[in-house]
Amino acid sequence: MFVTPEQIAQVKKISFPLKGINAFSINQPFGQNYVDFYSKLGIKGHNGIDFKAFDNTLVYASFGGKVIFSGLDGDGGRSIRIQSTEIEVEGLKLKLEAVYYHLKDELVQLWANVAEGDEIALSDNTGKYTTGAHLHFGVKA
């Protein structure tokens with residue numbers, strides 16, 4: 001069964017990972033290929049949203065959950081992944097996973113529980129596929 005982001009949004013709040021987000025805060029939207037990294041990797045389009053974020057910008061948890069990864073990811077650089085508690089969408093039980101890439105420092109430990117809005121990291125330009133300081137953010141189900 002396939003569920004849409006709109007269906008998920010009806011049962012789970014997902015907040016922005018940075019403060020002061022507006023229409024001009026996005027460097028590269030989901031699905032776009034502004035740079036050739038993704039096509040060279042065999043990916044049809046950008047698999048997240050790149051937000052403008054200067055070095056050392058505070059990054060916040062977009063929803064509460066458990067930190068299931070906090071450390072160095074080869075391509076994404078310093079990274080954090082947070083998994084939500086189980087939710088039910090249209091009869092389907094699933095957990096969401098928020099991904100935060102290109103960080104300078106992680107402010108949370110592996111297996112820690114975080115709440116929506118908690119400070120979790122500082123942004124930077126770490127990793128292999130990056131063009132400057134920003135936050136790559138994605139949500140997977």
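**Figure 1. Burial of Phe51 in the predicted model.** Phe51 is buried in this predicted structure, with a relative accessible area of 2%. This value lies under the 20% limit for burial.

**Figure 2. Aromatic pairs and the contact of Phe51 with Phe137.** Across the whole structure, 3 aromatic pairs are found. In one of them, the ring centres of Phe51 and Phe137 are separated by 6.4 Å, and the planes meet at 45°, so the arrangement is classed as tilted. Phe51 belongs to strand 2 (residues 49–52) and Phe137 to strand 11 (residues 134–140); the pair therefore ties together parts of the sequence that are 86 residues apart. Phe137 is also a buried residue, with a relative accessible area of 8%.

**Figure 3. Contact of Tyr100 with Phe137.** The centres of the Tyr100 and Phe137 rings lie 5.4 Å apart with an angle of 50° between their planes, so this pair is likewise tilted. Distant parts of the chain are linked here, since Tyr100 is located in strand 8 (residues 97–106) and Phe137 in strand 11, 37 residues apart. Tyr100 is buried, and its relative accessible area is 0%.

**Figure 4. The aromatic cluster.** Phe16, Phe51, Tyr100 and Phe137 are joined into a cluster by ring pairs. Among its members, Phe51 has a relative accessible area of 2%, Tyr100 one of 0% and Phe137 one of 8%.

**Figure 5. A charge over an aromatic ring.** The charged end of Lys19 is positioned over the ring of Tyr60. The distance from this charged end to the centre of the Tyr60 ring is 4.2 Å.

Terms used. Residues numbered from 1 in each chain as written. Predicted model: local features only at pLDDT ≥ 70, side-chain atom pairs only at ≥ 80, totals over all residues. Heavy atoms only, no water. Phe/Tyr/Trp six-rings, centres within 6.5 Å; stacked < 30°, edge-to-face > 60°. Helix = DSSP H or I, 4+ residues; strand = E, 2+ residues; numbered from the N terminus. Buried < 20%, exposed > 50% of the residue type's maximum accessible area, 1.4 Å probe, protein only. Lys NZ or Arg CZ within 6 Å of the ring centre and 35° of its normal.
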